[in-house]
Amino acid sequence: MPEQKTALPLIVVADDDADDQELLAEALRESGYSFTLETVEDGDELVQALEGGLRPNLIILDLHMPRMHGLVALEKIRANPAFRRIPILVMTTSWSEEDIERAYDLGAQSFIIKPVLFDELLACVERVCAYWFATCELPPAPAE
């Protein structure tokens with residue numbers, strides 16, 4: 001079991017697909033790391049949650065969502081100085097070079113193409129968790 005820090009990090013998953021939310025949540029639970037998990041269904045809900053006081057240590061962001069596309073949400077989040085240090089990982093089905101370039105231009109720390117099979121998703125999530133929770137020092141959750 002990976003070494004844990006005293007405070008549990010808060011992960012927010014923004015994805016409009018309930019099945020994808022559940023699969024990602026299951027992979028995160030099986031990763032062996034401890035955290036608190038919140039989910040939102042689109043970019044608009046994510047931005048509203050942040051503006052309303054939600055303070056995650058890490059955001060996993062889908063791109064193709066209703067009401068507010070993930071890239072628009074990313075741009076809005078990065079435009080607010082209070083949220084600029086929150087690591088944002090784009091995890092999407094898009095292979096578009098334009099989406100990849102735009103996500104990095106807007107300040108995403110990673111762009112991950114969603115694995116199709118659960119075993120591949122679990123392996124991906126284990127690598128993500130090992131990097132963000134065992135290798136990196138996450139910034140503290142932003143103050144309100």
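This is a predicted model: local features need pLDDT of at least 70, side-chain atom pairs count only at pLDDT 80 or more; totals for chains, interfaces and linings use all residues.

Tutor: Start with helices and strands. Helices (H or I, at least four residues) and strands (E, at least two) are DSSP runs, numbered from the N terminus.

Student: What is the average pLDDT of the protein chain?

Tutor: pLDDT is the predictor's confidence in each residue, from 0 to 100. The protein chain averages 90, and 93% of the residues score at least 70. Among the elements, helix 3 has the highest mean pLDDT (97), and helix 5 (residues 118-135) the lowest (93). Over residues 1-6 the pLDDT is below 50.

Student: Why is S31 called buried?

Tutor: Buried means under 20% relative accessible area, exposed over 50%, and partly exposed in between (1.4 Å probe, protein chains only). S31 has a relative accessible area of 9%, so S31 is buried.

Student: What does S31 touch?

Tutor: Contact means heavy atoms within 4.5 Å. Not counting residues up to four places away in sequence, S31 touches L122, V125, E126 and C129.

Student: Why does R67 count as exposed?

Tutor: R67 has 62% relative accessibility. The limit for exposed is over 50%, so R67 counts as exposed. R67 lies in the loop between strand 3 and helix 3. R67 also has a positive phi of about 65°, although it is not a glycine.

Student: Why does D15 count as buried?

Tutor: D15 is at 3% relative accessibility, so D15 is buried. D15 lies in the loop between strand 1 and helix 1. Not counting residues up to four places away in sequence, D15 touches D20, Q21, V40, E41, D62, M65 and K114.

Student: What makes a group of residues a nonpolar core?

Tutor: A nonpolar core is a set of buried Ala, Val, Leu, Ile, Met, Phe, Trp, Tyr and Cys residues joined through side-chain atoms within 4.5 Å. The largest one has 24 residues, of which L46, L50, I59, L61, L74, I77 and A103 touch the most other members. Strand 1 (10-14), helix 2 (43-51), strand 3 (58-61), helix 3 (70-79) and strand 4 (88-92) each supply at least two residues. Helix 3 gives the most, with four. Apart from it lies another core, of 22 residues, among them L28, L58, L122 and V128.

Student: How do you know that I59 is buried?

Tutor: I59 has a relative accessible area of 0%, so I59 is buried. I59 sits in strand 3. Leaving aside neighbours within four places in sequence, I59 is in contact with V12, L46, L50, I77, I86, P87, I88 and L89. The C-alpha atoms of I59 and L10, 49 residues apart along the chain, are separated by 8.6 Å.

Student: What makes a space a pocket?

Tutor: On a 1 Å grid over the protein atoms alone, a pocket is an open set of points where a 1.4 Å probe fits, with protein on both sides within 12 Å along at least five of seven lines. Lining residues have an atom within 4 Å of a point. The second largest pocket holds about 200 Å³ of space. Of the 17 residues that line it, D20, L23, K114, P115 and L121 are the closest to its centre. Helix 1 gives the most to this lining, with three residues.

Terms used. Residues are numbered from 1 along each chain as its sequence is written. Side-chain values use heavy atoms; hydrogens and water are left out. Grid points are joined across faces, edges and corners, and a volume is the space filled by probe spheres set on the points.
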